[in-house]
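The sequence and the structure are shown first, and the description follows.

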Amino acid sequence: MSHLKLTDVSKDYGHVQVLKHINLDIVSGEFMVFVGPSGSGKSTLLRTIAGLETITGGTLEIDGEVVNHRAPSKRGIAMVFQSYALYPHMNVFDNMAYALKIANESKDEIKRKVEAAAETLQLSKYLKRLPGQLSGGQRQRVAIGRAIVRDPKVFLFDEPLSNLDAALRVATRLQIAKLHQEMSKSTMIYVTHDQVEAMTLADRICVLRDGMLEQVGTPMELYENPQSLFVAGFIGSPKMNFFNGAIAGKYGAETLGVRPEHLEISDREGSWSGKVIHQENLGSDNFIYIDMGGEEPVVVRADGASHYTTGAPISIAPMANKTYRFDKAGKPIKG
Amino acid sequence: MTTAVEQAPAIPRASTGRPSWLAGLTLGRALTHLALLVLVLIWTLPTAGLLISSLRDKDQLAVSGWWTALTTSETQGVTRIGTAEAQVEEGGRYFIRGNVFGTDTNKTVTAFGLSNAAPGAEPAGGSVEMTDGGAITVQADGAFEWASDAPFAHTRGPRIFYVSAIAPRFTIDNYIEVLTASGVGRSFINSFTVTIPATIIPILIAAFAAYALAWMRFPFRGLIVALVVGLLVVPLQMSLIPLLSLYNDIAKLFGATDGKTYLGVWLAHTAFGLPLAIYLLRNYMAGLPREIMESARIDGASHFKIFTTMVLPLSFPALASFSIFQFLWVWNDLLVAMVFLGAQQDKLVLTGKLVSLLGSRGNNWEILTAGAFVTIVVPLIVFFALQRYFVRGLLAGSVK
Ligand SMILES: Nc1ncnc2c1ncn2[C@@H]1O[C@H](COP(=O)(O)OP(=O)(O)OP(=O)(O)O)[C@@H](O)[C@H]1O
Ligand SMILES: [Mg+2]
């Protein structure tokens, strides 16, 4: 049991308001991902939950108890930092055993728990090594192991994979997904920049912008029903194309959004024409960048086997019922 | 008016004829290396000279410089042979025997003679006719034998002059002499008694203060840091006398008869050392990654626990450098020790002892050199023992 409830949580540093009236319910066992642009307050929100920052307004409840003023170590949380924050002068075993030693657990118990965690994370071979003698991926696993051994109610991850290379990132992502399945009773809160991490790991995603909560929902909800222009542009990769002016006007909207995967190359009636300026062929898909006179090029996903010459004219059209309409305030237009 | 300057052709850095190690040697680097070499020589030569001098025989030390220590030196000497009373009779002949060096054994005779004008008239092993009858033979080891068929009757022993070679000789006699007879040993212990607590006490206090100033949140923290920085520039001489009289008053208040105790010096050195210690250590500790402390806090560590298990071990380089600073400063200090301990013989520190030796035995080079070396050997040991903690990369693997 580990139900987190944030009610009207605010945080300010002097005059700078970093978090603004955040209301959020994170249910037990849930994998919640915070996404948002840099500086949107993701880390700050995570740190207020951890107790590393004081809350200046509102309440934070864990399992029905208000914990605003409870020390970090008494909240039943464990945190994995972006920079790992390993204890550089202690070997891997001691790094993982530190919290348990402070909690005065017996030597045998500590040994058993650390070895079990090391086993899960394939760290058994490295228990005697110092963090400086490990690779980046191994350090990351030690940081995760340090969290696991404490068997916390809530795991907090602050961009844990951002220092790893692409291949390692995928491997560690799978490991975290597995970890979530194994520790199904623990709640996990995960901060990331990365689309793929958010979409693949999350039970629910929480999109933050300028310290405010934009939208909370399952990955598919956010993908299919973005509740604002911002979320629409933020979720999905490559990002949604936006059209203004005449094109949007035809659809009765201020801004029209169409995802690259929902545009097809066709010169049927009502199609839009432009000029190919660049293409990125990933093998399975070919992303074509088209200049239609707007500020940003329009991106279209085409088949990987296709080929378009740069500079050639091209016509594209949105698929039926796959357009998003937004009003002046950036809110979706229903119907 | 401007003139077009033709671009000079680029000079190739490494021509094919030069060996590869020369290729990277530019003028700048050569100068750097040269400067380094000069610095090293400036530092090591006098130290080496002092060490060698202090180990030399005191007679040799008096006549030649330390750079001749390994070569044989020649001196002239004279000795007076015994009178007729010293003669012995063996098989009808009479002998007077002895050694020109007495009991000294590290010299050898190369030649000898009977007059001051010609001390090297006869090589060692030869014999010379004596005016008092008979002939004298001097061996290389200095043993002489004056033999005559008739009994000796002279009442005043004739002199023999000789040229002797002194083989290089190294000895620790000077140190034994200095450490025992001259009271330097006692001062040595006094210096330790002053220095060790005067190094440890400020470090202990400063480490705690530095942690608090770096990692704990409390009101006026910034002001206290500024105050510490301000105290760094207070000259010692300015506060010394007020401090002493204040200290003496307090000592009287507690009924102490004599204010000049070790405790006083310790406190004085602690007070003078603290600002720098707090400043250095605070800066170092504030530079430690904050995530480590936060992680430890989440792991349940109290401030004290974080201090002992994280900050102290990670601050070793800073602690070691300050220890060396403070140790050297206290060890070499004369002023504070003189003011707070006075010149009492039983509490005289090494620097004070050297000063008094300079006055009383300024001609005895062997004592001065050995005494000086005893004084610098301790800082050297401290430095070499702690220098391995000046390692970079103590934080390796922690963040990123
Ligand atoms: N100690 C502080 N004092 C004042 N402002 C701060 C402080 N810490 C963070 N901020 C501000 O709070 C805002 C949110 O910071 P935060 O670190 O939570 O962003 P983030 O979403 O984690 O960004 P990133 O993705 O780059 O990590 C930023 O605008 C930052 O400037
Ligand atoms: Mg962040």
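## The largest pocket

In this predicted model, the largest pocket has a lining of 27 residues. Those that lie nearest its centre are A:Leu52, B:Trp215, B:Arg217, B:Arg297 and B:His303. The space within the largest pocket amounts to about 570 Å³. As a general principle, a probe the size of a water molecule, rolled over the atoms, shows where empty space is left.

Three helices of chain B, namely α5 (184–215), α9 (290–298) and α10 (303–314), each contribute at least two residues to the lining of the largest pocket. Helix α9(B) provides the largest share, with four residues. By residue class, the lining consists of ten nonpolar, seven polar and ten charged residues.

## Domains of the two chains

Chain A is assigned domain 1 (4–232) and domain 2 (238–326). The centres of domain 1 and domain 2 of chain A, taken over C-alpha atoms, are separated by 38 Å. Seven residues from domain 1 of chain A and eight residues from domain 2 of chain A take part in the contact.

Chain B is likewise divided into domain 1 (73–167) and domain 2 (175–394). Taken over C-alpha atoms, the centres of domain 1 and domain 2 of chain B lie 62 Å apart.

## The four-stranded sheet of chain A

Chain A contains an open sheet of four strands with antiparallel pairing, in the order β2-β1-β4-β5. Its edge strands, β2 (16–26) and β5 (65–66) of chain A, each pair on one side only. Helix α1 (residues 42–50) of chain A packs on this sheet and touches β1 (4–13), β2 and β4 of chain A. The direction of α1(A) makes about 115 degrees with that of β1(A).

Which residue of β5(A) stands opposite A:Ile62? The residue is A:Glu65. Strand β4 (residues 57–62) of chain A and β5(A) run antiparallel and are joined by two bridges.

## The six-stranded sheet of chain A

Another open sheet in chain A has six strands in the order β6-β7-β8-β3-β9-β10, and its pairing is mixed. The edge strands here are β6 (77–80) and β10 of chain A, each of which pairs on one side only. From one strand to the next, the twist averages 15 degrees.

Do strands β7 and β8 of chain A run parallel or antiparallel? Strand β7 (residues 154–158) and strand β8 (residues 187–191) of chain A run parallel, with five bridges between them. A:Leu156 has A:Ile189 in β8(A) as its bridge partner. Helix α4 (residues 136–148) of chain A packs on the sheet, where it touches β6 and β7 of chain A. The direction of α4(A) makes about 175 degrees with that of β6(A). Helix α1(A) lies across β3 (31–35), β6, β7, β8 and β9 of chain A, and runs at about 150 degrees to β7(A).

## The hairpin of β9 and β10

Strands β9 (residues 204–209) and β10 (residues 212–217) of chain A run antiparallel and are joined by five bridges. Within this pairing, A:Val207 stands opposite A:Gln215 in β10(A). Together, β9(A) and β10(A) form a hairpin with two residues between them. In the turn, A:Asp210 has a positive phi of about 50 degrees.

Note on methods. Residues numbered from 1 in each chain as written. Chains lettered and ligands numbered in written order. Predicted model: local features only at pLDDT ≥ 70, side-chain atom pairs only at ≥ 80, totals over all residues. Heavy atoms only, no water. 1 Å grid on protein atoms, 1.4 Å probe; cavity = no way out; pocket = protein on both sides within 12 Å on 5 of 7 lines; lining within 4 Å. Points joined across faces, edges and corners; volume = space filled by probe spheres on them. Nonpolar A, V, L, I, M, F, W, Y, C, P; charged D, E, K, R; others polar. Pairing = 2+ DSSP bridges. Domains from an automatic or database assignment. Contact = heavy atoms within 4.5 Å. Axes fitted to C-alpha atoms, helices over the stretch in contact; angles between N-to-C directions.
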